[in-house]
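Here is a brief report on the structure shown below.

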Amino acid sequence: MTEEQNIQTPIIELNGVTKEYSSKKNFLSKGETNIIALNNISLAIQKKEIFGLVGQSGSGKTTIGRLLVKLEEPTKGIIKLNGKPTNKLKGKALKHYRSKVQMIFQDPYQSLNPHLSIAETIIEPLVVNKIGNALTRRDKVLETLEIAGLSPGEDFFHRYPHQLSGGQRQRVAVARAIILDPDFIVADEPTSMLDATIAIQLFQLLLDIRKKFKMTFLFITHNLAAARYLCDRIAVIHNGVIVETGSADKVIKDPQHPYTKKLILAQPGFNFKN
Amino acid sequence: MALLKVENLSVGYKSKKGMVNAVNNISFSIEQGRSLGFVGESGCGKTTIGMTLMGLLPENASILKGDIIFNGNNLASFNDEKWRAFRGKEISMIFQAAMNALNPVIRVDEQIAEVIQIHNPAMSKSDVSNQVKKIFSLVEIPEDRLRDFPHQYSGGMKQRAIIAMALACAPKLIIADEPTTALDVIVQDQILKEIKKIQKALNTSVIFISHDIAVVADVCKDICVMYGGHIVEKGTREEVFKSPRHPYTKTLLGSYLTLDSYEDINVPEIREAPDLITMTGGCRFSANCNCKSQKCQCQTPEWVNLSSTHQALCFEELLNKDKND
Amino acid sequence: MKKIEKKPEHRNHYIERFTKSWAIFIKNPMGKTGLIILSAFMLMAIASFFVPLLGPVYHPMTGADPNITYSTGPSLQHWLGTDFIGRDLFVQLLEGAKVAFIVGLSCAFISVVLGTAIGMISGYAGGIVDTILMRIADIFMVLPSLVILLILASLWELSIWVIIFIIAIMRWPSVSRIIRSQTLSLKSRPFIEASRVAGASNFRIIFKHIMPNVLPLAFLYMTFRVTSAILVEAALSFLGFGDPGQVSWGMMLQWVWSSGHMFQAPYWLLPPGICISLLTLSFYMLGRAMDEVLDPRLRKEEEEE
Ligand SMILES: Nc1ncnc2c1ncn2[C@@H]1O[C@H](COP(=O)(O)OP(=O)(O)O)[C@@H](O)[C@H]1O
Ligand SMILES: Nc1ncnc2c1ncn2[C@@H]1O[C@H](COP(=O)(O)OP(=O)(O)O)[C@@H](O)[C@H]1O
Ligand SMILES: [Mg+2]
Ligand SMILES: [Mg+2]
């Protein structure tokens, strides 16, 4: 593959991805009620961009994220990483895939094991992928902590999640996601549990990381303003269907789909009329 | 006379490390039919204020000083018995994450009827059920959904039912603690409209608590900005949000993303949460303030009057210096 | 070198957790009472190692007093009296405490280790593995353990260790059910998924992430298992199917009964009966107090600090 082509292949591509959850009511009733969480989704995310996925809760945002990090398999459709289909990866190939695609989870209070120290949490990807030895790992953890804005790293090394604020916990999650130097990171509403001032700091961190490491992000949010601040392009998802895609500015200034318009109107702002 | 007048109220929590001064020397008042908003980041003491006004502070908490005058009664000196008669009738509260507070095995209308009956034991059955219907039409839950169980409701409808429950006894004051935090923007928008509509229709007073400044600005005409247990700025929403004067209010506003203002965002420096246990006497925001004045760290700031309604807890010369920049 | 630095901190976390839980535990009157009774029995069990050194007369099994040929009441020489062949009852009681501890703790340990391992695997693996393991658990759960023990004991002479092992085998299913449901709720927690996204193997997830979270619950079950194991062993011995070469409280009761002293010798009948009740009660109290330590509401407060 030449360099030319490389630039053109999107880093992540979803082709007609459908995800159904079957919920058998009980073993007596034969009929399964299927929940269609995602319906025929097609997306392409380019290298180095921050792609926003906006929609209200239950619209299927997290499901896309979970498909991308292989916590779930699509019912139909193909997911490609760097142009290569990734369906049904197993063993070594799956491990390799996971070192390339990482995730930051929504709830910083739930996504860190309360019984592991910060160092143990962040070091885990290195340990399970057998990278480096005890010494180099320690240095790498300290370095990553500093990048994630937890400095001095030594201060945080031996602490436990309950000793950190929500914003700090989410930075730990960021550190864990970037320590393997992945190509692509899914950030699932990383700031929905945080205060606005803390959220904006985290956004800045994501922007810095993108610049420094040329990583690509899928940024999932229900906050259009945040999407506009952070993202190059956004897709609006509603009931498992993508209703609108475009550059962030265009989608917000000139929304086409009625649902997007509704979403924009509902966004709280400072207009004191009543 | 104001419906509620809180003066120099301090509330603390006993903890192993010492007294957590969660609410410190705050004063505010609210007139009948007005809406007052409290904004500030989590941990600044908003819920503590709400719980104090409801007499629902946990065991380890106590009112350290101050008066809470509601309609001529001093709530700060109420005992349990007085609170039981008072709570829900005169003041009611919509709790944080209240959607999960509905009893899953009792029909929604029965839950609300129960609240009415507790406070009006003499009321007849048919009167109660009429009252329930009236309230439900107020919060726009269709009548045929009255006899549903809570799990049959969507998140937004549950929140409406909770609001209905708070309205059950026609209280004079409703305290809403982050009533929309767990909801979607679209549902949030509906609920906020609902609260505004009800407030107008019934002429109740509302104390609205949120960490989201735009939400508070949407609902409330008067605003108190809180930081580290202090109210640091108060005024009408135009005063506070259009011409903020306290450095903390400026930080809050400067980092708030809206659809229009996303380019001139100031990313605040990584800050430490204020220490609520050791009382240095200085301004609690001083460590994070960019005024970098020595004075703030040791001297207690005072209220500076900026207009008849607008006040900031800071030093006058610092406020003015900032203005000249 | 640097790795060694990490270790003490790691242990500190557990020490810290332990001291916090301990503070809640010891505040609980049940926990305190249970612990006091338990310490008394522990002293008895320890004493049982030393008393026989006083002389051959004070051996619980073979130490018949040559001057006594019938059951006697309490005296200076034999504090609780002697049994019908002149063995010291107090010494037997001490020995019984030791045996009760051995039976209770080892049964509990085996059944809880087994139950926890199976519960974690079952909950984590799900699907067919889960179904098979839980069906097996169901089968064991409905088996009447005492009856089976009685049948086995009437066919063969069972040593105390075989009895311990059989009780343990009968008792893992309820532990594994609890641990399984705990594992199920942990399995979908984001921190487990985060670890999977990081590339962690199932083995690592079970032992590094799930185990520390279910361990407190397993400990809780251990105390309840102790209680039931002691009771089963006592019943078995009393019915005459215990290890005949081993003194235990149940065995003492069996001797009172079979030698026809049931209503003549309260000094012989009461002490083992009271001891069984008190020891099982103390473990039960311990369990209840631990239950409170594990109460999610209390735990939450602890985490929020
Ligand atoms: N494991 C699951 N089993 C069944 N339904 C699920 C599961 N996970 C998600 N869903 C359903 O899929 C839809 C999309 O969910 P999700 O992706 O979590 O939405 P979002 O992240 O946008 O809030 C919802 O209707 C949800 O109920
Ligand atoms: N039960 C409690 N015991 C000790 N400290 C508490 C308790 N509840 C709240 N606090 C402390 O009081 C402060 C204010 O809390 P809260 O009123 O809940 O803030 P907010 O609602 O603004 O987020 C926080 O620092 C919090 O840690
Ligand atoms: Mg989601
Ligand atoms: Mg609160």
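## Contacts along the chain

This is a predicted model. In chain A, take the contacts between residues at least 6 apart in sequence: 68% of them join residues at least 24 apart.

The secondary structure of chain A comprises eleven helices and ten strands.

## Dimensions and surface of chain A

What radius of gyration does chain A have? The value is 20 Å. A compact globule of 274 residues would come out near 19 Å, so chain A agrees with that expectation. The C-alpha trace spans about 55 × 55 × 55 Å along its principal axes.

Of the 274 residues in chain A, 55% count as buried. The chain exposes about 11600 Å². Carbon and sulfur atoms supply 52% of that area.

## A helix pair in chain B

Two packed helices are described by the angle between their axes and the distance between the axes. In chain B, helix 3 covers residues 108-119 and helix 4 covers residues 125-138. They pack at an angle of about 115°, and their axes lie 9 Å apart. The crossing of helix 3 of chain B and helix 4 of chain B is right-handed.

Which residues make the contact? Helix 3 of chain B contributes B:Val108, B:Asp109, B:Ile112, B:Ala113, B:Ile116 and B:Gln117. From helix 4 of chain B come B:Val128, B:Gln131, B:Val132, B:Ile135 and B:Phe136. Sorted by class, this contact between helix 3 and helix 4 of chain B has eight nonpolar residues, two polar and one charged.

Key. Residues are numbered from 1 along each chain as its sequence is written. Chains are lettered from A and ligands numbered from 1 in the order in which they are written. This is a predicted model: local features need pLDDT of at least 70, side-chain atom pairs count only at pLDDT 80 or more; totals for chains, interfaces and linings use all residues. Side-chain values use heavy atoms; hydrogens and water are left out. Axes are lines fitted to C-alpha atoms, for helices over the stretch in contact, and angles run from 0 to 180 degrees between N-to-C directions. Helices (H or I, at least four residues) and strands (E, at least two) are DSSP runs, numbered from the N terminus. A crossing is left-handed if the near helix is turned anticlockwise from the far one by less than a right angle, and right-handed if clockwise. Contact means heavy atoms within 4.5 Å. Ala, Val, Leu, Ile, Met, Phe, Trp, Tyr, Cys and Pro count as nonpolar, Asp, Glu, Lys and Arg as charged, and the others, Gly among them, as polar. The radius of gyration is taken over C-alpha atoms; the globule rule is 2.2 Å times the number of residues to the power 0.38. Buried means under 20% relative accessible area, exposed over 50%, partly exposed in between (1.4 Å probe, protein chains only). Accessible areas come from the Shrake-Rupley method with a 1.4 Å probe; for residues, only the protein chains shown count as cover.
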